[in-house]
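Colleague: Could you take me closely through one part of this model, beginning with a single side chain and then working outward to its surroundings?

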Amino acid sequence: MESQDAPRTKIDLKEQYRRSQDIDRQLIAEARERAKRKDCKLLLLGAGDSGKTTILRQLVLLHGNGFSQEERLSFKTTLFDNIVSNLINLLQQTETDYKQKYQELANYMELAEEDRRLSPSLLQLIQEAWALPEVQQVFENPPRGVFVQDSVEFFLKDLERICDPAYLPSDQDIMYVRRPTQSISETFFNIDNKSYVFYDVAGQRDKRYRWAPYFENMVDGIVYVASAAAYCQNLEEDISVNRMLDQMALFETIAHNPCLEKSNMILFLNKVDLLPKRLKSYPVKIFLPSYNGPNEPKHVLVYLANEFQRILGSGRKLHVHITTGTDTKTMKKIIYSTMFLNSF
């Protein structure tokens with residue numbers, strides 16, 4: 001009987017390569033077809049967990065058709081997954097034997113998506129676990145390399161509402177749900193009789209190769225989203241890499257791509273609402289040695305904006321906006337400024 005772990009043959013590898021080439025050609029062809037449209041084309045880019053997809057959701061809410069009941073139900077399942085997976089992650093960093101005491105939490109993540117529901121017993125377990133002092137301590141000061149979703153506290157503090165059988169995620173809830181982009185999406189908007197199309201692509205390191213077809217002089221502007229609060233965090237994919245330095249390196253790659261030299265460059269320094277709390281525990285100088293200013297939000301934001309401008313180069317203007325992607329009221333003003341005060 002042939003082993004299931006037998007090495008792939010040369011034919012298998014050639015076939016895999018051929019399929020990969022076919023997919024790449026299809027992506028390029030589709031991108032060029034989109035380039036023929038007269039819409040204003042904006043590429044929404046950023047590293048994983050920068051909050052760029054939240055920006056797109058704000059556009060859907062403010063200038064699209066909002067979210068249907070079906071979409072809200074889909075977000076509900078993802079929201080529950082966010083709560084349980086992050087809580088398990090926190091418990092794993094404590095001395096609590098969560099597998100014995102909180103086995104139902106672990107079992108939940110193994111269920112099929114359609115079977116995942118927060119039962120009364122599971123709700124009680126979540127409340128008990130979240131109240132543990134050691135869990136709170138890990139949440140406030142996560143160890144190096146431990147990823148905890150920024151927005152999970154928003155949900156954990158409102159479990160009674162979220163676990164009501166009739167619950168549907170509100171617009172605000174949807175802004176806090178983390179659902180990493182896995183593929184390329186395009187979203188159309190008509191704002192004051194002008195058509196826009198936003199392309200949102202995955203920001204995780206292993207997905208960035210998919211951006212290439214969009215870098216052929218087909219976009220009018222790049223909206224790059226960077227988390228200002230990520231200066232003290234490491235990548236979920238590679239805990240040896242600082243997230244802010246990764247964001248800057250990625251921005252440099254984009255900014256100096258020959259195909260994008262004529263594109264408007266817009267920077268959203270996002271998640272600034274998280275910055276004051278982070279600065280109290282983690283001085284910027286420890287993570288970004290070139291920073292010599294006060295450990296205060298306004299000074300740090302000026303430094304970050306200047307660093308991104310330096311990366312772009314003195315010959316090009318970087319349009320910088322300070323953003324909190326989950327705040328619909330302020331994002332409405334910033335989106336207006338971005339769309340109408342920049343020349344697309």
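**Close view of one side chain**

Modeller: The side chain of Asn234 comes to 2.7 Å from the backbone oxygen of Ile239, a polar contact being a pair of N or O atoms within 3.5 Å, where within protein one must be able to donate a hydrogen and the other to accept it, and residues adjacent in sequence count only if both atoms are side-chain atoms. This is a predicted model, in which local features need pLDDT of at least 70 and side-chain atom pairs count only at pLDDT 80 or more, while totals for chains, interfaces and linings use all residues. Residues are numbered from 1 along each chain as its sequence is written, and side-chain values use heavy atoms, leaving out hydrogens and water.

Asn234 lies in the loop that runs between β4 (221-227) and α11 (243-255); helices (H or I, at least four residues) and strands (E, at least two) are DSSP runs numbered from the N terminus. Asn234 counts as buried because its relative accessibility is 17%, the limits being under 20% relative accessible area for buried, over 50% for exposed and partly exposed in between, with a 1.4 Å probe and protein chains only. Neighbours within four places in sequence aside, Asn234 is in contact (heavy atoms within 4.5 Å) with Arg144, Ile239, Ser240, Val241, Asn242 and Arg243.

Elsewhere in the chain, helix α7 (residues 133-140) has Val135, Val138 and Phe139 buried. These buried residues line one face of α7, because they fall within an arc of 100° seen down its axis; the arc is taken from the directions from the helix axis to the C-beta atoms. Pro133 and Gln137 are exposed on the face turned away from that buried side. The packing partners of the buried residues of α7 are α3, α6 (120-131), α8 (152-156) and α12 (275-281).

A nonpolar core is a set of buried Ala, Val, Leu, Ile, Met, Phe, Trp, Tyr and Cys residues joined through side-chain atoms within 4.5 Å. The largest one holds 58 residues, of which Leu87, Leu91, Leu105, Ile126 and Phe198 touch the most other members. Beyond its neighbours within four places in sequence, Ile126 is in contact with Ile83, Val84, Leu87, Leu105, Leu118, Leu156 and Leu159. A second, separate core of 39 residues includes Val201, Val219, Tyr231 and Leu301.
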